[in-house]
Amino acid sequence: MLLAASLVAAPLERFEAVEPHMGTLVRITLYAPDSDSARKGFAAAFERIRALDETLSDYKATSELSRLRAGAPIPVSEDLFRLLSAAQDLARETRGAFDITLGAAIRLWREARRAHRLPAEEERRLALQHCGYRYLKLDPRRRAVQILQPGLQLDPGGIAKGFAASEALTVLRARGLPRSLVAVSGDLAIGDAPPDRAGWRVQVDRPLLLHNCAVSTSGDTEQYVEIGGVRYSHIIDPKTGLGLTTRIRVTVLARDGATADGLATALSVLTPSEGRKVALRHHARVWYSASRSLRVAGAGGASAFDTIRERQPDGGAITSISHP
Ligand code: AMP
Ligand code: MG
């Protein structure tokens, strides 16, 4: 009798917490048996994101990533090595459409966006000379990184948020809270489905119910600049060093956050037919949308996740926890 009673699982409640990290807001929603385990889960997951930001940020001069310099191979932390490996795989697959070494060109473009004028031709040429994923060598045996081009700067902005979202989800799983969703801005890492539901409701072109996958959107219309009547994105074309002018929004559903985030940025640069080929290799699913009308350009693979159901979930009470 006693055994049977202890086997009955406590009903799970929904909790939500928001904190600022990585220059944006991180929202975690999870199901936990009580507020104490929810609170501890939030604390651990946010701490993981904070620590990752400390290591991977290109905004912080003291981060491990910012301190890398050209020269001899440098042994790095496992987190940094994993992020750079994911970025380099994507760079090779997209022939540099996604490129984490574009720091110099992206900084120049950021200044141009602020000043509302295009960078001078000469400045652009010079910045691009300090970019190129082939100048970044990874040695998995020694977990070491070598930069071959002096002045090369890493910009993890296209992949780090998704990476961090997945890492936070891993922390929650390890604490026995697998029914969780971590959203680092528009990069979602999605765990097991909420109790009695087929999945977490995520709006793509229509509401989808998802679990155990990641979703990222790139090319969001807020982050653009208009110069001379042309609208430029914050994502740059590595060939020109200028912001993209194709007004397309890409949403990617993939196995993990780094893949979804990186692919969404990469596919913003590639043509849809090139992008679909890359996505297919990752069993990822892609939606392209121009302006308001969304159209589905599924690159297969959805069945690999077995995640999509089209049933509407019922509403559920949300218990908010302000953290800390
Ligand atoms: P996301 O919002 O994930 O698409 O990332 C956009 C950010 O990625 C930009 O703000 C830059 O920091 C960085 N970025 C811009 N262009 C590229 C590119 N072609 N490859 C990799 N990262 C990029
Ligand atoms: Mg991205």
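Begin with ligand 1. Sort the residues of its shell by class and you get nine nonpolar, five polar and three charged. Keep in mind that you're looking at a predicted model.

Now select the neighbours themselves. Ligand 1 has 17 residues around it, and the closest are G157, G158, S218, I235 and T265. Which helix gives the largest share of this shell? Colour α8 and you'll have it: α8 supplies four residues.

In the loop between β15 (248–254) and α8 (257–269) you'll find R255. Is R255 buried, exposed or partly exposed? R255 counts as partly exposed because 17 other C-beta atoms lie within 10 Å, while being buried would take 20 or more and being exposed 12 or fewer. Leaving out residues up to four places away in sequence, R255 touches C213, A214 and H283. Pick A284 as well: this residue is 29 residues from R255 along the chain, yet their C-alpha atoms are separated by 7.2 Å.

Last stop: a pair of helices. Select α2 (residues 35–56) and α7 (residues 160–174), which pack at an angle of about 145° with their axes 9 Å apart. The crossing of α2 past α7 is right-handed. To see where they meet, show G41, A44, A45, R48, I49, L52 and L56 on α2, then A160, A164, E167, A168, V171 and L172 on α7. Colour that contact by class and you'll get 10 nonpolar residues, one polar and two charged.

Definitions and conventions:
Residues numbered from 1 in each chain as written. Chains lettered and ligands numbered in written order. Predicted model: local features only at pLDDT ≥ 70, side-chain atom pairs only at ≥ 80, totals over all residues. Helix = DSSP H or I, 4+ residues; strand = E, 2+ residues; numbered from the N terminus. Contact = placed C-beta atoms within 7 Å. Near = placed C-beta within 6 Å. Nonpolar A, V, L, I, M, F, W, Y, C, P; charged D, E, K, R; others polar. Axes fitted to C-alpha atoms, helices over the stretch in contact; angles between N-to-C directions. Left-handed = near helix turned anticlockwise from the far one by under 90°.
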